[in-house]
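Take a look at the chain below.

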Amino acid sequence: MNIHEYQGKEILSSFGVRIQRGIVAHNAKEAVDAAKELTEQTGTGWHVIKAQVHAGGRGKGGGVKLAKNLKEVEEIAGQIIGMNLVTPQTSAEGKKVHQVLVAEDVYYPGDSEPEEYYMSVLLNRGTGKNMVMYSTEGGMDIETVAENTPELIFTEEIDPAVGLMPFQARRIAFNLGLSGAAFKEMTKFVIALYTAYEKSDSSLFEINPVLKTSDDKILAVDAKVSLDDNALFRHKDYAEMRDIREENPVEVEAKKVGLNYVDLDGNVGCMVNGAGLAMATMDLIKQAGGEPANFLDVGGTADAKRVEEAFRLILKDENVKAILINIFGGIVRCDRVAQGVVDAYKNMGNINVPIIVRLQGTNADIAKELIDNSGLDVQSATEFQEAADKVQAVLA
């Protein structure tokens, strides 16, 4: 589950990570009030107005701007709230901004120049260990840095059995070229950041930039946080942070009815039981010359009601030119699935895209007979290649 920057910072702060402080506003008046309150709390004279959407690259799209007085706070907040923000991580339509974070200016003058770093904590699936990835090149596209200057990307792997060791935090600070008070601050920052990642059951913490201020404080200026959905039962307060306005409405609807659905850009709808078989089915569609329009795992029960709900979700996508149903009858009997497809088809009336049903496993022969004798415009298949050939034929 993705959350907003201000919510990620709340989590970080609760574990002792120093953050750029800010207040959320939903309109221009609230933004001015927030700026006044922030000035009283922090003494900041300038304020950074930051669009709160689930996407990176907000600055490039005009979603992060500096206000040097209250009039500019009001003007900028009014411009950003309600806009469709287009970034490299959104669609061409962009995402509508419903709120902004009015944050303190942390780039104030002092004894030394501010420095920006990149830092993230995530799981290295190849080694089964957690990893801190960091770089001196903060505030930039880390993908570009990794591609053009990979020697500037450092990693520190952490054995989850023992956790982050103090010498590892010190090595991170050393590799970032820090010394003195900033070195000590960075080691504290890294330890607190890793603790936040671990205790919050997150799948990703990305801070870009981590800032060394002119007076050698280390703080998180940004916070991109992804929480592990499977652990939300342990964090009821985090679950309440979900903002469904930022999520695909079809995926939200699927979640409500208990279906695992991910929207894609293709032309062939998929309805499959089991995540592994769903992935294989998507490969099958690609090999047949099509593009999968979705990932949809209906789970172990594929009765008429569940199949009908799946049909309705798939058909919301106007790009779908065919539907491939691929069911392995292990836990569920194929004949029951076939009857569910027939009943769902009749309940919905005429479905105007071709449907190919491939059923294999328990009672697959009975299932094929049910489909073939239903009188409906549904094609049956028993072999993977047969299903692929039929998908290819209907697309042609």
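## Buried or exposed

A residue counts as buried when its relative accessible area is under 20%, and as exposed when that area is over 50%. Anything in between is partly exposed. Arg 58 has a relative accessible area of 9%, so this residue is buried. Keep these cut-offs in mind for the rest of the report.

## The whole chain

This is a predicted model. The protein chain has 396 residues, and 48% of them are buried. Its secondary structure comes to 13 helices and 18 strands. The C-alpha atoms fill a box of roughly 80 × 50 × 40 Å, taken along the principal axes.

The accessible surface of the chain is about 18,800 Å². Carbon and sulfur atoms hold 49% of that surface.

The largest nonpolar core has 39 residues. Which of them touch the most other members? They are Leu 12, Met 119, Met 186, Phe 189 and Phe 205. The elements that give two or more residues to this core are α1 (5-14), β7 (115-124), β8 (129-135), α5, α6, β10 (202-212), β11 (218-220) and β12 (224-227). Helix α6 supplies the largest share, 10 residues.

Phe 189 shows how such a residue is surrounded. Leaving aside neighbours within four places in sequence, Phe 189 is in contact with Val 17, Arg 18, Met 119, Val 210, Ile 218, Leu 219 and Ala 220. Another core lies apart from the largest one. This other core has 34 residues, among them Leu 259, Ile 327, Ala 338 and Val 357.

Helix α1 is mostly covered, with seven of its 10 residues buried. Those seven are Glu 5, Tyr 6, Gln 7, Gly 8, Lys 9, Ile 11 and Leu 12. Gly 16 follows α1 and has a positive phi, near 90°.

Helix α11 covers residues 334-348, which makes 15 residues. How far apart should its ends be? At 1.5 Å a residue, the helix should span 21 Å. Its end C-alpha atoms are 21 Å apart, so the two values agree. The buried residues in α11 include Cys 334, Asp 335, Val 337, Ala 338 and Tyr 345. Gly 349 comes after α11, and its phi is positive, near 80°.

## Salt bridges

Side chains of opposite charge can pair when their charged atoms come close. There are 22 salt bridges in this model. In one of them, the side chains of Asp 222 and Arg 58 meet at 3.1 Å, N to O. Asp 222 lies in the loop between β11 and β12, and Arg 58 in the loop between β2 (47-51) and β3 (64-67). The pair therefore ties together parts that are 164 residues apart in sequence. Is Asp 222 buried or exposed? Its relative accessible area is 18%, so Asp 222 is buried.

Arg 234 pairs with Asp 201, and their closest N and O atoms are 3.1 Å apart. Arg 234 sits in the loop between β12 and α7 (236-239), and Asp 201 in the loop between α6 and β10, so this bridge ties together parts 33 residues apart in sequence. Arg 234 has 52% relative accessibility, so it counts as exposed. Asp 372 and Lys 368 also form a salt bridge, at 2.9 Å, N to O. Both lie in helix α12 (residues 364-372), and because they are four residues apart, about one helical turn separates them. Asp 372 is partly exposed at 41%, and Lys 368 is partly exposed at 29%. Shared partners also join Glu 5, Lys 9, Lys 50, Arg 58 and Asp 222 into one salt-bridge network.

## At the surface

Val 162, Met 165 and Phe 167 form a nonpolar patch on the surface. Together they have about 280 Å² of accessible area. Met 165 is in the loop between β9 (153-158) and α5 (166-175). Its relative accessible area is 34%, so Met 165 is partly exposed.

Lys 199 belongs to helix α6 (residues 180-199). With 51% relative accessibility, Lys 199 counts as exposed. Not counting residues up to four places away in sequence, Lys 199 touches Phe 15 and His 235. Lys 199 and Phe 15 are 184 residues apart in sequence, but 8.8 Å apart in space, C-alpha to C-alpha.

Technical notes: Residues are numbered from 1 along each chain as its sequence is written. This is a predicted model: local features need pLDDT of at least 70, side-chain atom pairs count only at pLDDT 80 or more; totals for chains, interfaces and linings use all residues. Side-chain values use heavy atoms; hydrogens and water are left out. Patches are made of residues with over 30% relative accessible area and no salt bridge: like charges are joined within 9 Å, nonpolar side chains (Val, Leu, Ile, Met, Phe, Trp, Tyr) within 5 Å. Accessible areas come from the Shrake-Rupley method with a 1.4 Å probe; for residues, only the protein chains shown count as cover. A salt bridge is a side-chain nitrogen of Lys or Arg within 4 Å of a carboxyl oxygen of Asp or Glu. Buried means under 20% relative accessible area, exposed over 50%, partly exposed in between (1.4 Å probe, protein chains only). Contact means heavy atoms within 4.5 Å. A nonpolar core is a set of buried Ala, Val, Leu, Ile, Met, Phe, Trp, Tyr and Cys residues joined through side-chain atoms within 4.5 Å. The expected span of a helix is 1.5 Å times one less than its number of residues.
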